[in-house]
Amino acid sequence: MSTMTSKIEQICARYDHDRARLMDIVREVQEAFDHVPREAFGLIAEHAGTHRVEVESVVSFYSFLSDKKQGDVVIRLCDDIIDRFQGGDEVGETLCKALNINFDETTADGNITLEKTACIGMSDQAPAMMVNDTVITNLTPEKIPAIIEQLKANPDPQTLITEVGDGNNADPLVQAMVKNNICEAGPVILSDYRKDAGLRKTLTMTPEEVIEDVKTSGLRGRGGAGFLTGLKWALTRSSPGTDKYVLCNADEGEPGTFKDRVLLTERADLVLEGMTIAAYAIGAETGIIYLRAEYAYLRAFLEDKMNQRRAANLLGNNILGKEGFNFDVRIQMGAGAYVCGEETSLISSCEGTRGDPTDRTPFPVVKGYMVSPTAVNNVESYCCAARIADMGPGWFSSIGTGKSTGTKLLSVCGDCARPGIYEVPFGTRLSDILERAGADDVACVCVGGPSGQMVGPAQFGLGISYEELSTGGSMMVFSNQRDILEVTEAFMEFFVDESCGYCVPCRVGNVLLKNRLERVRKGEGSQGDLDYLQRLGESVKYTSRCGLGQTSPNPVLSTLKNFRPVYNALVKDNGSGMNKSFNIMKAVEEASAIAGRRSEIFHA
Amino acid sequence: MSKPRVASTSLAGCFGCHMSLLDIDDRILQLIELVDFDRSPIDDIKHISQRCAIGLIEGGCCNEENVHVLHEFRKNCDILISFGDCATMGGIPAMRNNIPLEECINEAYRDGPTVYNPQGITPQDPEIPLLLDKVYPAHEVVKIDYFLPGCPPSADTLWAALTALLTNQPVELPYELLKYD
């Protein structure tokens with residue numbers, strides 16, 4: 001106990017006993033003790049200047065934190081529908097067999113814990129899993145026994161890496177087997193660019209001019225919501241407050257998305273350049289990259305990039321000699337919570353609390369991180385901003401469509417020959433992208449992930465843009481071999497797991513949607529159940545507090561709209577008015593056992 | 001032409017919704033002008049005698065007999081209305097849904113503080129309908145066409161809904177008849 005006490009004191013001291021760094025503190029405690037012991041909650045609270053309940057709520061909220069002792073090695077198998085369709089379930093069974101445990105259990109010797117986790121951003125090389133922070137891709141059941149043997153012999157997961165991926169995945173600080181899979185490089189982000197030219201030009205302009213340029217370029221948020229970036233910056237700049245913040249949303253949790261993974265690997269400098277430009281435009285001195293826990297393998301590499309930039313005076317005080325322009329960035333690690341990709345949740349998490357969304361108004365641009373004006377932008381948006389600063393708004397807006405300027409990075413995965421990253425100008429038709437990715441025999445594409453929409457061949461002619469098919473980047477392809485409603489149900493399961501539980505429509509509504517969908521899939525539904533799904537879906541969408549609940553019914557609503565015949569085939573009504581889902585024999589089974597007699601009214 | 005027939009029943013309810021029906025007061029005379037009552041607690045007819053236009057369901061289903069009655073109503077009525085919160089959502093009886101059935105029975109018949117049952121017998125006479133594993137709102141068991149919320153729905157609500165249906169008018173209840181505070 002005393003070693004624990006001193007260790008915890010040490011950790012808290014390293015973060016200046018700052019309650020806002022609670023995320024980092026509990027993460028370190030977990031690393032030190034393989035869990036966050038309940039006995040430590042009070043101690044952490046005491047040394048971080050907060051309350052026990054705050055510590056407990058953080059530990060219980062994030063899926064990568066645990067108050068139960070875990071093994072030195074924690075295996076987290078990616079349980080996303082793409083992985084399942086590529087054999088993830090068989091990999092899971094083999095893992096259980098090889099370890100002789102079930103999911104959410106630890107081996108008898110206490111060394112290895114096995115869990116499932118939501119999409120880890122490797123859908124282009126699925127099935128994949130994380131072993132501590134190390135990512136293992138392209139799994140097959142045949143590979144598992146050797147992996148487990150190796151881990152038993154040497155618990156350092158890095159020893160599992162025999163071949164590193166391309167580009168910076170081979171960097172000594174990354175050493176990941178992850179492949180970039182850049183299939184198409186577009187003009188804005190993935191082609192060669194002049195490093196820091198945008199930042200140099202920016203520093204010759206006034207902040208107002210920089211914002212004006214971003215406005216003129218028509219740049220909209222790349223995370224999916226599509227808010228005008230220039231307007232966001234202008235609002236953050238004009239909001240009263242002395243400390244302002246630039247946050248980079250690298251919590252790429254939308255299943256099927258992995259473009260930020262590639263950007264952070266191959267365009268880390270461009271991201272940091274964009275953040276620095278934003279800081280200059282807004283008048284901010286502090287930046288935070290909120291990095292999802294699944295991408296922890298990139299952390300040391302990113303820290304190093306930041307150090308290099310500090311050494312080159314691209315971060316720090318009086319950047320590039322510009323008197324009074326000071327800006328630095330820190331990384332805030334997430335801990336496995338999809339909702340933290342929602343900007344107000346992300347801010348809550350950066351402040352060291354549960355990743356609960358907060359009410360707006362006030363918007364983060366007025367009162368965000370530390371109740372100060374904050375601009376939260378997507379990784380890709382910062383890349384675009386840096387390129388706009390260099391090449392000019394006219395160049396940028398000449399690419400794409402009128403209302404959607406520039407290019408979009410798409411993470412294409414699922415049933416196609418060439419999964420990977422495609423940087424395409426806005427307006428590119430879905431059918432073109434499918435063709436380039438080698439996807440023939442497509443029944444359905446989920447555009448924008450579970451929170452986006454599921455579209456069928458009738459919509460394949462539409463263009464990728466904010467006006468037609470809007471997406472944060474996820475594009476999952478499903479062939480005619482797949483059961484579309486199985487996909488829908490998996491997505492609803494995902495939202496049930498990831499709802500923060502704060503508001504009723506999302507916490508309860510998603511469970512009800514999933515249960516009713518299950519009923520329909522079992523063939524026990526009626527037309528009335530489809531009406532129910534539609535009505536309830538709309539209610540959840542309309543009444544939820546944050547973007548998660550406002551989009552979570554989309555898998556149901558978009559399939560009801562675009563794949564109605566699939567549903568109709570399942571709900572053939574026999575006109576009796578009796579619900580097929582109600583089974584009287586099952587309903588009286590228990591009472592019949594207690595009374596020791598059969599039902600006198602209903603008996604087989 | 002014969003008058004349309006109306007049947008009503010109270011399943012796992014408290015008869016409060018039926019009391020509310022009686023609260024239409026002297027309008028019951030007008031109602032009788034419009035309809036004939038078939039099976040109902042009001043006239044004590046035990047089974048539906050012929051096809052009915054409307055069946056009013058009070059209460060959800062807590063036992064097999066409730067299900068049996070509800071089936072009879074569904075088979076013999078053109079329109080079924082769940083009236084009151086118990087029929088619509090399970091209501092107070094559904095509070096037992098989070099407690100295992102055996103625990104409920106033990107508390108009620110064997111272990112409760114006011115229970116005298118030295119032999120620890122659980123009721124099992126064949127005349128007593130078996131309880132269901134949980135209380136179901138009516139629409140979980142059969143198709144329900146209309147829902148009238150309220151605990152109970154007010155006499156005016158019932159009157160407005162019934163007269164609209166019987167005179168082929170759309171059932172559009174004003175906000176005052178659907179708000180409860």
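Author: A helix axis is here a line fitted to C-alpha atoms over the stretch in contact, and angles run from 0 to 180 degrees between N-to-C directions. The model is predicted. In chain A, helix α18 (residues 504-521) packs against helix α19 (residues 527-543) at an angle of about 160°, and their axes lie 10 Å apart. Angles over 145 degrees count as roughly antiparallel, and α18(A) and α19(A) are therefore roughly antiparallel to each other. The crossing of these two helices, α18(A) and α19(A), is left-handed.

The residues that form the contact can be listed helix by helix. From α18(A) come Pro505(A), Cys506(A), Gly509(A), Asn510(A), Leu512(A), Leu513(A), Arg516(A), Leu517(A), Arg519(A) and Val520(A). They meet Asp529(A), Leu530(A), Tyr532(A), Leu533(A), Leu536(A), Gly537(A), Val540(A) and Thr543(A) of α19(A). By class, the residues of this contact comprise eleven nonpolar, four polar and three charged.

As to the assembly, 22 residues of chain A are in contact with 26 residues of chain B. The two chains, A and B, bury about 2000 Å² between them, with 63% of that area on carbon and sulfur atoms. Of the area that chain A buries against chain B, 28% is supplied by Phe582(A), Ile594(A) and Arg597(A), more than by any other three residues.

Regarding confidence, the model scores ipTM 0.92 and pTM 0.91. Chain B has an average pLDDT of 94, and 99% of its residues score at least 70.

Notes
Residues are numbered from 1 along each chain as its sequence is written. Chains are lettered from A and ligands numbered from 1 in the order in which they are written. This is a predicted model: local features need pLDDT of at least 70, side-chain atom pairs count only at pLDDT 80 or more; totals for chains, interfaces and linings use all residues. Side-chain values use heavy atoms; hydrogens and water are left out. Helices (H or I, at least four residues) and strands (E, at least two) are DSSP runs, numbered from the N terminus. Angles under 35 degrees count as roughly parallel, over 145 as roughly antiparallel, 65 to 115 as roughly perpendicular and the rest as oblique. A crossing is left-handed if the near helix is turned anticlockwise from the far one by less than a right angle, and right-handed if clockwise. Contact means heavy atoms within 4.5 Å. Ala, Val, Leu, Ile, Met, Phe, Trp, Tyr, Cys and Pro count as nonpolar, Asp, Glu, Lys and Arg as charged, and the others, Gly among them, as polar. pLDDT is the predictor's confidence in each residue, from 0 to 100. Buried area is the accessible area (1.4 Å probe) that two parts lose on being put together, summed over both.
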